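Work through the exercises below with the coordinates open. Each task is followed by a solution in steps.

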Amino acid sequence: MLHKIQLIFFFAFLFSSSLLAGDNEHFATMAHRFISNNRSVLHCELQQDRILVIQTVEGKELKVLCLWFPQTREGECRLDDWVVSLRNEVDHVLVGYGQTAGNPMFCYYLPIKKISKEMKKRKWEKYKVPFSLCDYLFK
């Protein structure tokens, strides 16, 4: 009986992990679409691993990792080791937060130095994107 319960939890974890990965991809695709229409962006390319490469009209090239977190209780969001390992490859992290990845309630644009394995959501507030991604000035 114990083995059956463990097996059920294992498959539930795998299923929820694959859904979250799909939601991250969905959020990255949505962000790419909106940022590509931004007036301050010359070019935006979605690469593997949910990384956006943004070239601004000022000539800057930014690498931005897209993450989506479901709307849950206030508190901490835990990042997996794979995401933490990408810290050396990107400049910023664009975090979507809400009920659906395709239409997040809020977006946060955090400098990579503010990212850790456990992030407290209340510390994100000063990095909230106050405009649509179409109008936000990426720096």
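The exercises treat charged pairs, aromatic rings and backbone angles in turn.

The model is predicted, so local features need pLDDT of at least 70 and side-chain atom pairs count only at pLDDT 80 or more, while totals for chains, interfaces and linings use all residues. Residues are numbered from 1 along each chain as its sequence is written, and side-chain values use heavy atoms, with hydrogens and water left out.

**Exercise 1. Find the partner of Arg39 in a salt bridge and describe where the two residues sit.**

Step 1. Apply the criterion: a side-chain nitrogen of Lys or Arg within 4 Å of a carboxyl oxygen of Asp or Glu. The structure holds 5 salt bridges.

Step 2. Arg39 pairs with Asp135, with 3.0 Å between the closest N and O atoms. This pair links distant parts of the chain, 96 residues apart: Arg39 is in the loop between α1 (2-36) and β1 (41-47), and Asp135 is in the segment after β7 (118-120). Helices (H or I, at least four residues) and strands (E, at least two) are DSSP runs, numbered from the N terminus.

Step 3. Classify accessibility: buried is under 20% relative accessible area, exposed over 50%, and partly exposed in between (1.4 Å probe, protein chains only). Arg39 is exposed at 67%, and Asp135 is partly exposed at 41%.

**Exercise 2. Classify the ring pairs Phe106 with Tyr108 and Tyr109 with Phe138.**

Step 1. Rings of Phe, Tyr and Trp (its six-membered ring) pair if their centres lie within 6.5 Å; planes under 30 degrees apart are stacked, over 60 edge-to-face, and the rest tilted. The structure holds 7 aromatic pairs.

Step 2. Phe106 and Tyr108 are 6.4 Å apart centre to centre with 45° between the planes, a tilted pair. Phe106 is partly exposed at 29%, but Tyr108 is buried at 0%.

Step 3. The ring centres of Tyr109 and Phe138 are 5.2 Å apart and their planes are at 85°, so this pair is edge-to-face. Tyr109 belongs to strand β6 (residues 106-111) and Phe138 to the segment after β7, 29 residues apart. Tyr109 is buried at 6%, and Phe138 is buried at 1%.

**Exercise 3. Which residue lies over the face of Tyr97?**

Step 1. The test requires NZ of Lys or CZ of Arg within 6 Å of the ring centre and within 35 degrees of the ring normal.

Step 2. Lys121 lies over the face of Tyr97, 4.5 Å from the ring centre. Tyr97 is in one aromatic cluster with Phe69, Phe106, Tyr108 and Trp124.

**Exercise 4. Inspect phi at Asp49 and Arg50.**

Step 1. Asp49 is not a glycine, yet has a positive phi of about 65°. Arg50, also a residue other than glycine, has a positive phi near 60°.

Step 2. Asp49 is in the loop between β1 and β2 (51-56), and Arg50 is found in the loop between β1 and β2.

Step 3. Asp49 is partly exposed at 35%, whereas Arg50 is buried at 8%.
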